[in-house]
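Hi everyone, thanks for making time. I'd like to walk you through one structure this morning, so let's get it up on the screen.

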Amino acid sequence: MTSWSFTTESYPDHRRLEAWRDALGKLSIEAPDAAGARDVFATAQAMESPLGIVFAQIASGPQRLSYSDDPGIIWLALHCEGQAVLREAGRSSPIAVGDLVYGTAGAPAELLFATSFRQLLVRVPRAAIGARLVAPPAPRVGRLSGRSGLGRVFAQLLASIADTIDTLDADAIRPIEVAVAEFLSVSLAGDRDVGTLMGATATQTATLNRICQKIEARLGDPDLALASVAEQEGVSMRYLQKLFEAAGSSFGEHVRQRRLERCRLDLMNPLYARDSITTICFRWGFNDAAGFSRAFSERFGEPPRRYRRKIAGTISEGVRLQLARGWPLGLDGRAKAPRPLAPAAQADASRGLLARVASGAAARAAGDGRWHHLPATDKTVHWGYFSRSLRPVLHVESGDIVTIETLTQHAYDDHERMIKGDPGAESVFHWTRQRKNIDRRGAGPIDASIYGRGAGEGFGVHICTGPIAIKDAMPGDLIEVRILDLHPRPCANESFAGRTFGSNAAAWWGFHYKELLTEPRPREVVTIYEIGRALDGEIARAVYSFRWTPQTDPFGVVHSTIDYPGVPVDHATIDKQFGVLKEVEIPVRPHFGVIGLAPREIEIVDSIPPTSSGGNIDNWRAGKGARLYLPVAVPGGLLSVGDPHASQGDSELCGTAIECSLTGDFQLILHRRQELAGTKLEDVNYPLLETADEWVVQGFSHANYLAELGERAQSEVYDKSSLDLAMKDAFRKARRFLMTAERLSEDEAISLLSVAVDFGVTQVVDGNWGVHGVIRKRLFADGRR
Amino acid sequence: MRHHTLPVSPATVHWGYFSKAVAPALTLRSGDRATIETLTHHAGDDYERMIAGDPGAESIFRWTREHKAVARRGAGPTEGPFRRGSGEGIGVHLLTGPVAVEEAEPGDVLEVRILDVRPRPSRHASHAGRCFGSNAAASWGFHYHDLIEEPKPREVVTIFELDTSDEPCARAVYNYVWTPQTDPDGVVHPTIDYPGVPVDHRSVRRRENILRNVKVPARLHFGTMGLAPAEADFVSSIPPGYTGGNIDDWRIGKGARMYYPVAVAGGYFSVGDPHAAQGDSELGGTAIEASLTGEFEFVLHKRRALGGTPLEGLTHPLLETDQQWSVYGFTFPNYLAALGPNAQIEVAQHASLDKAMRDAFRKLRRFLMTVHRLSEDEAIALMSVAADFGVTQVVDANWGVHGSIRKSVFT
């Protein structure tokens with residue numbers, strides 16, 4: 001299913017008319033005399049069903065629209081709102097709200113709107129109503145009153161489609177398209193102006209069409225026979241036979257063809273995927289499965305079983321084209337759960353080397369705690385997932401300080417600037433035909449059996465350093481992650497030595513992707529930034545940008561979009577645009593996008609959607625000086641850090657920040673559950689961020705999506721993204737925080753939330769969307785000290 | 001440049017609606033300044049502190065069985081019988097104006113600069129010189145169907161005092177749970193469903209010592225400010241739209257410049273819904289609603305002079321402050337045009353932040369592409385790494401998300 005939406009609000013005034021005409025053009029509508037009009041306001045939302053039926057809701061101001069389609073299309077317009085007049089063949093007639101206007105076989109018509117209007121346009125390919133109409137419709141424009149009879153029921157069905165068009169998904173649209181095709185064929189059949197059949201009068205043709213509709217309703221009846229139909233219609237069997245003969249068919253043949261067609265539709269329908277072929281053929285009046293199979297092969301060129309497999313394959317191809325993140329809907333994440341992880345033997349063996357205990361000044365600065373250093377290498381990172389089963393790469397005690405190196409998963413966008421000469425980065429990204437140092441990237445199947453993108457399928461993309469086990473941490477406790485300091489990772493390549501670079505990808509999972517204004521559409525664009533010092537602090541400046549081109553990874557898989565992390569970008573295939581974002585300087589906000597503990601619910605968890613144990617929160621306030629409190633879900637907590645960002649805005653609109661490798665000094669403090677009573681942290685079971693001046697409570701569409709959405713969580717979380725839900729969650733958490741941590745009554749808390757707490761959009765790109773509430777400490781006496 | 005003064009009186013306010021059909025309270029020229037008084041429509045929550053002794057406020061809130069000084073409150077019907085009162089409370093804000101700007105025509109842009117904002121002190125002997133405001137956690141709040149304590153549901157009014165001695169801040173004085181109030185015409189208001197109903201303090205229970213030790217930093221601003229839309233003669237003041245109105249962004253305070261597309265000749269600017277403080281989202285339904293007086297300067301930008309300026313093609317409200325630009329996304333950018341005849345009622349049923357976010361994205365992209373001449377790819381990259389999107393409000397039927405870009409980004 002494909003969909004698009006349009007609004008003039010995307011365009012400045014002088015470009016709106018042209019843009020609106022383009023949008024109408026996609027629906028074969030012209031707006032002939034709107035030339036020079038200003039203040040054009042118009043919206044359109046369209047989707048195309050698997051059968052090729054297009055549903056489009058359009059709304060705009062007074063204007064004249066001209067409809068003429070190619071002969072293979074039947075168009076149908078439900079008038080939802082406003083005043084309209086239909087003009088065709090020199091006649092004018094007013095159209096009431098709820099009326100349907102249709103045109104067949106390319107007949108032209110015009111609708112004149114005197115006021116603002118809203119309309120649902122449906123374009124149905126002739127093929128979609130297939131054999132239901134015995135006679136092809138003549139080119140004509142007609143009108144069905146929406147006030148009574150079938151027209152009314154049909155109009156109401158379409159009206160509810162118009163109201164819900166933005167929420168219908170592929171599963172929901174399937175029965176609707178069948179119903180629409182059905183209604184349409186019945187409505188056209190009742191129309192006296194259908195084309196006539198060879199050797200039959202118009203009346204005879206209309207009678208035959210009517211009788212065919214009656215037959216349609218009884219196809220499932222195995223006893224459907226010529227005699228009973230003739231009797232019901234009050235005609236002789238002989239007359240009925242002659243009617244079918246005139247149409248070049250016979251009663252028996254017509255019924256058989258219609259039954260086969262019904263079975264074919266059911267075989268295609270994912271809703272009936274669990275029904276056996278026998279069940280389906282019995283449903284439609286066949287009483288012999290072997291006979292059905294033969295008839296089906298004869299009619300459609302292959303046996304039903306093979307046909308069904310082929311269609312299912314096309315649908316999953318459709319899924320592939322849809323670029324879904326995570327497990328595709330319909331594939332049960334658990335049923336195909338990846339094999340348990342092998343113990344990280346190498347990591348364990350070399351643990352002592354990897355996590356050196358620092359000495360000297362650094363250790364003294366840490367006070368009582370020890371100071372560890374955790375470099376980023378192929379032995380100390382896991383890529384694209386969290387897991388309770390990973391062997392820790394470092395064990396620490398509460399109070400210890402760890403210097404953690406993190407790498408951006410986007411570094412291969414520019415190997416020269418972000419990987420070359422850096423042993424840690426080189427070991428993580430190493431990928432040749434012979435060897436891929438880190439095979440699993442993401443929580444998907446290791447054999448890439450869903451999309452074939454690569455091991456782990458890129459269901460999760462972030463390079464996470466860790467996990468770090470915190471001694472004695474148990475579920476119910478909180479781990480406080482203090483970010484004492486952070487630094488960008490300097491480039492190790494001689495040509496750029498000491499400088500720092502990052503990458504921003506406007507990617508297919510961005511909020512903007514489906515509604516780009518300029519060609520080519522769609523496209524992904526990578527912008528490389530340099531981070532440097534200016535007079536008033538650190539800033540980022542764009543160096544160059546390029547459009548993503550299909551990249552072939554060392555194993556030969558072609559990545560036509562950014563669908564797998566760490567794919568080397570071959571700079572011979574791209575066109576670098578220098579001089580982009582000239583004179584733009586972005587004050588940096590270095591922070592870690594991912595700081596999380598391992599969730600309990602599932603063994604291998606996609607790193608993209610944030611949840612109650614943290615993860616990919618993508619809040620830029622998690623920078624130097626911040627403290628993040630995370631609820632422990634599994635023994636040891638298992639902390640991982642990654643997705644380093646040089647800068648990001650609230651919403652992370654295009655899908656990524658300035659992704660830039662950073663190293664941070666973290667102090668890790670364990671708060672045992674029993675010690676929390678009476679403190680502000682009592683009752684914190686969600687990620688809570690504290691900065692010098694603020695408490696930031698973090699809401700998500702689903703507070704804990706793994707628990708809330710159950711077995712299908714890892715696919716549904718991407719399907720149920722909503723700021724409205726995230727706002728609700730942020731509200732509830734902020735209320736709780738004010739009531740428990742600040743000891744306010746509910747009424748006090750709500751008043752304060754309204755007059756003093758700021759809610760902002762954290763991100764709209766990570767599946768589980770985020771809204772945060774910022775509570776300033778200085779509201780309270782103890783925060784003003 | 002002339003300077004005008006527009007005090008509040010029944011002749012200079014209209015209540016609950018924007019209208020191109022109301023006679024202007026003041027006509028001025030581009031470049032003129034005006035001191036404009038505004039009153040909060042929640043002043044009746046504590047008559048003593050916010051109305052008593054104040055001739056302007058008393059003249060407007062006067063409502064006895066015999067006489068209701070401002071009868072129409074809202075864009076609803078003015079012929080009875082009424083469910084709630086004339087205008088039916090479809091729109092609630094007391095708006096001062098309209099101010100007509102000479103030569104303003106559809107297609108032009110009106111710039112309104114807020115030079116200064118000050119609170120309106122109480123005139124009652126016991127509170128003279130002090131400033132008060134009211135916050136109602138009301139039935140239209142985001143929380144209302146999601147309360148956890150009994151009684152459920154309930155509306156709660158909190159009276160705040162604004163302390164301007166040091167760094168301005170507000171402190172709660174007391175609160176009470178709304179009880180059914182009978183207005184002077186005998187209509188009972190079980191909830192806060194009609195503006196300006198005098199609250200009988202014998203019928204409510206004051207709770208003191210609330211929000212102790214809490215100081216809310218003041219953010220003086222005007223919640224509702226905008227021009228008359230062209231689509232209807234009487235337009236509810238609640239849902240914000242393409243000519244501004246009830247945007248409820250606390251950044252629209254001192255130093256702010258708002259730009260509005262002119263929809264009707266003269267522009268017809270009105271201002272009201274004064275707030276002492278509000279958070280992004282205005283979660284409970286209202287801010288600290290407190291009467292304020294502002295100094296405004298009006299600059300008309302004629303359509304022919306817009307070419308090549310940041311205002312070219314502007315079809316929505318735009319905010320400029322010293323630090324940033326903000327655009328306002330709404331569930332419906334122009335709900336009047338999008339929803340047809342029943343728009344003013346229907347808009348509340350479609351409230352969605354997801355759509356508001358989409359609108360804010362589109363408007364900010366447009367702003368960066370037209371005003372800063374960025375390519376689409378540059379605009380999108382910049383929005384992701386440097387623009388902040390926040391929740392303006394989730395309580396005004398047409399919900400809002402604002403997108404802001406810091407001026408310091410552009411060297």
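Let me start with a question: which residue of chain A forms a salt bridge with Arg362(B)? The partner is Glu515(A), and the closest N and O atoms of this pair lie 2.7 Å apart. Please keep in mind that this is a predicted model.

Which parts of chain B do the touching? Several elements give two or more residues to the side facing chain A, among them strand 8 (131-137), helix 6 (376-386) and strand 24 (387-393) of chain B. Helix 5 of chain B provides the largest share, with 13 residues. By type, that side of chain B divides into 40 nonpolar, 22 polar and 25 charged residues.

Now for the interface as a whole. Here 87 residues of chain B are in contact with 87 residues of chain A. Between them the two chains bury about 6,800 Å², and 55% of that is on carbon and sulfur atoms. On the chain B side, Arg362(B) comes up again: together with Ser384(B) and Val385(B), it loses the most area to chain A, and the three make up 9% of what that side buries.

Finally, a look at chain A itself. This chain has 22 helices and 38 strands, and 60% of its 785 residues count as buried. Its accessible surface comes to about 30,300 Å², with 51% belonging to carbon and sulfur atoms.

Thanks, everyone!

Note on methods:
Residues numbered from 1 in each chain as written. Chains lettered and ligands numbered in written order. Predicted model: local features only at pLDDT ≥ 70, side-chain atom pairs only at ≥ 80, totals over all residues. Heavy atoms only, no water. Contact = heavy atoms within 4.5 Å. Buried area = accessible area lost by both parts, 1.4 Å probe. Salt bridge = Lys/Arg side-chain N within 4 Å of Asp/Glu carboxyl O. Helix = DSSP H or I, 4+ residues; strand = E, 2+ residues; numbered from the N terminus. Nonpolar A, V, L, I, M, F, W, Y, C, P; charged D, E, K, R; others polar. Buried < 20%, exposed > 50% of the residue type's maximum accessible area, 1.4 Å probe, protein only. Areas by Shrake-Rupley, 256 points an atom, 1.4 Å probe, with all protein chains shown as cover.
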